[in-house]
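Here are my notes on this one, as numbered points. Have the viewer open while you read.

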Amino acid sequence: RDTMEMLQNLTWISFIIAFVLVIFWFIYYDRSVNHMLGRPLEEILRNIEQIRQGKYDLKDISSSSLEITQLCEALEDMAHSVSQNIETMQERDRLEQENENLKKDELLAQSELKMLQNQINPHFLFNTLNMIYRMSLKEGADDAADMLMKTSQLLRYGLDNQKRISSLRNE
């Protein structure tokens with residue numbers, strides 16, 4: 001009977017020791033899993049928040065887990081790609097703006113050239129009419145000279161009043 005009680009007590013003590021060891025093992029396992037997965041996942045979430053804020057230089061995360069390491073590498077690759085895409089889009093926008101400015105400059109230059117051509121042509125015609133008028137006077141063609149003078153005056157009036165509204169009396 002004493003042996004039996006002793007065996008029974010020993011069994012209970014062994015069971016309690018085994019139970020305590022299992023509990024410690026679970027606590028150790030929980031902490032090691034939390035250390036291996038929890039902290040790296042928190043760092044990954046912080047890096048994701050950095051990306052949301054537009055900061056693509058991510059903090060390196062050390063992990064002994066292959067899956068976490070692969071996840072971190074994929075996140076870094078994604079951040080790098082997003083950063084490059086943003087830079088590419090900004091460069092494209094800058095080039096488009098530059099191209100638009102060049103087109104505006106070209107249109108402005110063409111407009112100025114046309115304006116100069118429109119100014120030169122009437123003046124050239126006016127000067128030519130004056131030369132013909134002088135030649136007509138020199139050769140004695142007074143009627144032709146008079147007609148050329150009136151045409152020249154009409155042309156001069158049109159040139160001088162291009163940008164002004166004239167009165168009915170002047171017209």
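1. A word on terms before the residues: contact here means heavy atoms within 4.5 Å. With neighbours within four places in sequence left aside, N47 is in contact with L58, K59, I61 and L75.

2. Some housekeeping. This is a predicted model, where local features need pLDDT of at least 70, side-chain atom pairs count only at pLDDT 80 or more, and totals for chains, interfaces and linings use all residues. Residues are numbered from 1 along each chain as its sequence is written, and side-chain values use heavy atoms, with hydrogens and water left out.

3. Back to N47, which sits in helix α1 (helices are DSSP runs of H or I, at least four residues, numbered from the N terminus). Is N47 buried or exposed? N47 is buried, at a relative accessible area of 4% (buried is under 20%, exposed over 50%, partly exposed in between, using a 1.4 Å probe and protein chains only).

4. Q50 is also placed in helix α1, but counts as partly exposed at 27% relative accessibility. The C-alpha atoms of Q50 and A79 are separated by 9.6 Å, with the two residues 29 apart along the chain.

5. F19 belongs to helix α1, residues 2-52, and is partly exposed, with a relative accessible area of 48%.

Technical notes
Helices (H or I, at least four residues) and strands (E, at least two) are DSSP runs, numbered from the N terminus.
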